[in-house]
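Please read this briefing alongside the sequence and the coordinates. The points are grouped by topic.

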Amino acid sequence: MKKIFLFVAFAATIISCNEKTESTPNTTESKEVKTSESLNIVYIDTEKLMKEYKESVDFETKFTAMSERMQKELENDMRKFQNDVMDLQQNAQSKGMEWAQKREAELGKRQQTLAQKEQNYMKKFQEEAAVDRDSLVTKMKTFIKTYGAEKKYDYVLGTGDASTVLFAKEGSDITEEVLKLMNEAYDKEKTSEIKK
């Protein structure tokens, strides 16, 4: 991705150094070449978009609640298991060796079951989150692509953790406008789902 932006920046620099038209050596036709000044380039603060886009917030809320629910259930199971281990330790001598060995075998199986349950929860959580996250990102990219085409932008760049915009003139940031439109579209989508 960085290579693409470096190439675009390099190409823009070269183009801006050339004249507005260039002739090809084999023909007398001239081609119109956009200079960097005539390019319509804007950017979106992707970090802000992810934090304030309502569907993204709902995604975070959903998976935080799912994680907490799974963790609470696992903690309850583990607490019961630990109580049974303590019971075994306290009653092993009074109930005899045979009872203790039988109880220890049961607890060993339960421990394996708990470990498997934890792995299954983690797998389920990761798979569901990945599917929903991919869907969310695809939806956002599609929206931005459509929006950029409608507004006739040459490029829509993104900023955030892996910043690709180091400088932009005033008025190039379209984050608020895109965020507002995406949230309105999401609200309409949620309203139509509720009415179904």
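A residue counts as buried at under 20% relative accessible area, as exposed at over 50%, and as partly exposed in between, with a 1.4 Å probe and protein chains only. The model is predicted: local features need pLDDT of at least 70 and side-chain atom pairs count only at pLDDT 80 or more, while totals for chains, interfaces and linings use all residues. Residues are numbered from 1 along each chain as its sequence is written, and side-chain values use heavy atoms, with hydrogens and water left out.

**Overall make-up**

- The protein chain contains 5 helices and 4 strands, where helices (H or I, at least four residues) and strands (E, at least two) are DSSP runs numbered from the N terminus.
- Read from the N terminus, the order of elements is α-β-β-β-α-α-α-β-α.
- The protein chain has 196 residues, of which 21% count as buried.
- Its accessible surface is about 15000 Å², and carbon and sulfur atoms hold 53% of that; the areas come from the Shrake-Rupley method with a 1.4 Å probe, and for residues only the protein chains shown count as cover.
- Among contacts in the protein chain with a separation of 6 or more, 74% join residues 24 or more positions apart, a contact being heavy atoms within 4.5 Å.

**Helices H3 and H4**

- Helix H3 covers residues 54–95 and helix H4 residues 97–150; their axes come within 10 Å and cross at roughly 175 degrees.
- The axes are lines fitted to C-alpha atoms, for helices over the stretch in contact, with angles from 0 to 180 degrees between N-to-C directions.
- H3 and H4 are therefore roughly antiparallel to each other, on a scale where angles under 35 degrees are roughly parallel, over 145 roughly antiparallel, 65 to 115 roughly perpendicular and the rest oblique.
- The contact of H3 with H4 involves 19 nonpolar, 4 polar and 18 charged residues. Nonpolar here covers Ala, Val, Leu, Ile, Met, Phe, Trp, Tyr, Cys and Pro; charged covers Asp, Glu, Lys and Arg; the others, Gly among them, are polar.

**Aromatic pairs**

- Rings of Phe, Tyr and Trp (its six-membered ring) pair if their centres lie within 6.5 Å; planes under 30 degrees apart are stacked, over 60 edge-to-face and the rest tilted.
- The count by this rule is 4 aromatic pairs.
- One of them is the tilted pair of Phe-59 and Phe-63, at 4.9 Å centre to centre with 50 degrees between the planes.
- Phe-59 and Phe-63 sit in helix H3, 4 residues apart, or about one turn of the helix, and both are buried.
- Phe-63 also pairs edge-to-face with Phe-125, at 5.7 Å centre to centre and 80 degrees between the planes.
- This pair links distant parts of the chain, with Phe-63 in helix H3 and Phe-125 in helix H4, 62 residues apart.
- The relative accessible area is 5% for Phe-63, which is buried, and 22% for Phe-125, which is partly exposed.
- Phe-59, Phe-63 and Phe-125 make up one aromatic cluster.

**Individual residues**

- Glu-55, in helix H3, counts as buried at 17% relative accessibility.
- Not counting residues up to four places away in sequence, Glu-55 touches Leu-136, Lys-139 and Tyr-186.
- Glu-184 belongs to helix H5 (residues 175–195) and is partly exposed, with a relative accessible area of 36%.
- Glu-184 and Lys-54 are 130 residues apart in sequence, with a C-alpha to C-alpha distance of 9.2 Å.
- Lys-152 has a phi near 60 degrees, a positive value in a residue other than glycine.
- Lys-152 lies in the loop between H4 and strand S4 (155–159) and is exposed, at 65% relative accessible area.
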